[in-house]
Amino acid sequence: MDKKAVRQALIEQRLHMPDRLERAEQLQQVLRFWLMERQDAVIGAYWPIKGEFDPLPALHRWKEDGALMDEPKLRRIGLPVVNKQHKTLSFHAWYPGCPMEMDAYDIPKPQNTELVVPTLLFVPCVGYGPGGYRLGYGGGFYDRTLAALEPRPFTVGLGFTNGFVDDFEPEAHDLPLDAILNDNGVVWPLSES
């Protein structure tokens with residue numbers, strides 16, 4: 001499998017999905033329901049690029065819901081900040097309206113907000129395959145970051161149904177995600193044991 005060609009084809013397909021807004025709304029609902037079972041207080045996410053699903057509306061609602069509980073919970077959302085030297089990510093607090101600046105890859109990142117350590121990390125999927133493996137953009141940032149984080153956060157891939165690649169072959173350095181959600185629901189793990 002030529003990962004570069006598959007990656008490019010999936011990005012093009014995602015950018016031109018005629019029903020992307022409807023699929024995104026379905027995935028927002030899947031994500032909101034899925035989060036109801038979680039006890040996390042700090043979630044790492046991403047700023048959507050290249051037609052990726054935007055998890056931030058559902059996460060902002062999750063954050064607000066924490067404040068409305070009988071015993072209010074302070075919930076935090078973190079967005080990635082790239083360390084160019086080590087090619088890893090750290091996560092800094094994000095909230096709607098917080099100051100943002102462009103990173104080295106022209107992606108918005110929180111400007112001068114505090115470092116947060118997520119216990120749950122949502123990662124964007126260009127594609128995904130059997131066994132919970134993710135196809136990203138090829139930079140290895142998430143692989144290196146996850147290999148270095150202690151304790152390792154629970155990792156959840158987010159993508160659209162058409163991102164499934166049935167013949168995806170993971171490489172030795174690829175780590176499977178703990179779960180994958182798409183606009184049809186939970187696609188990994190296939191069943192709870």
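**Exercise 1. Work out which residues of helix 1 are buried in this predicted model, and how they sit around the helix axis.**

Start with burial: in helix 1, the buried residues are Lys3, Arg7, Leu10, Ile11 and Arg14. Now look down the axis of helix 1: these buried residues fall within an arc of 100°, so they line one face of the helix. Next, see what that face meets. The buried residues pack against helix 2 (20-35), strand 8 (127-129) and strand 9 (133-135).

**Exercise 2. Check the span of helix 1 and find what caps its N-terminal end.**

Helix 1 runs over residues 3-15, which makes 13 residues. For the cap, go to Asp2: one of its side-chain oxygens lies 3.2 Å from the backbone nitrogen of Lys4.

**Exercise 3. Is Glu101 buried, exposed or partly exposed, and what does Glu101 touch?**

First place the residue: Glu101 belongs to strand 4 (residues 100-102). Its relative accessible area is 30%; buried would need under 20% and exposed over 50%, so Glu101 counts as partly exposed. Leaving out residues up to four places away in sequence, Glu101 touches Ile107, Pro108, Lys109, Pro110 and Gln111. Take Gln111: it is ten residues along the chain from Glu101, with 5.7 Å between their C-alpha atoms.

**Exercise 4. Describe the largest pocket and say which element gives the most to its lining.**

The largest pocket holds about 830 Å³ of space. Its lining has 39 residues, and Arg134, Tyr137, Gly139, Phe141 and Tyr142 are the closest to its centre. Helix 1 gives the most to the lining, with five residues.

Note on methods: Residues numbered from 1 in each chain as written. Predicted model: local features only at pLDDT ≥ 70, side-chain atom pairs only at ≥ 80, totals over all residues. Heavy atoms only, no water. Helix = DSSP H or I, 4+ residues; strand = E, 2+ residues; numbered from the N terminus. Expected span 1.5 Å × (residues − 1). Buried < 20%, exposed > 50% of the residue type's maximum accessible area, 1.4 Å probe, protein only. Arc of directions from axis to C-beta. Contact = heavy atoms within 4.5 Å. Polar contact = N/O pair within 3.5 Å; in protein donor to acceptor, adjacent residues only side chain to side chain. 1 Å grid on protein atoms, 1.4 Å probe; cavity = no way out; pocket = protein on both sides within 12 Å on 5 of 7 lines; lining within 4 Å. Points joined across faces, edges and corners; volume = space filled by probe spheres on them.
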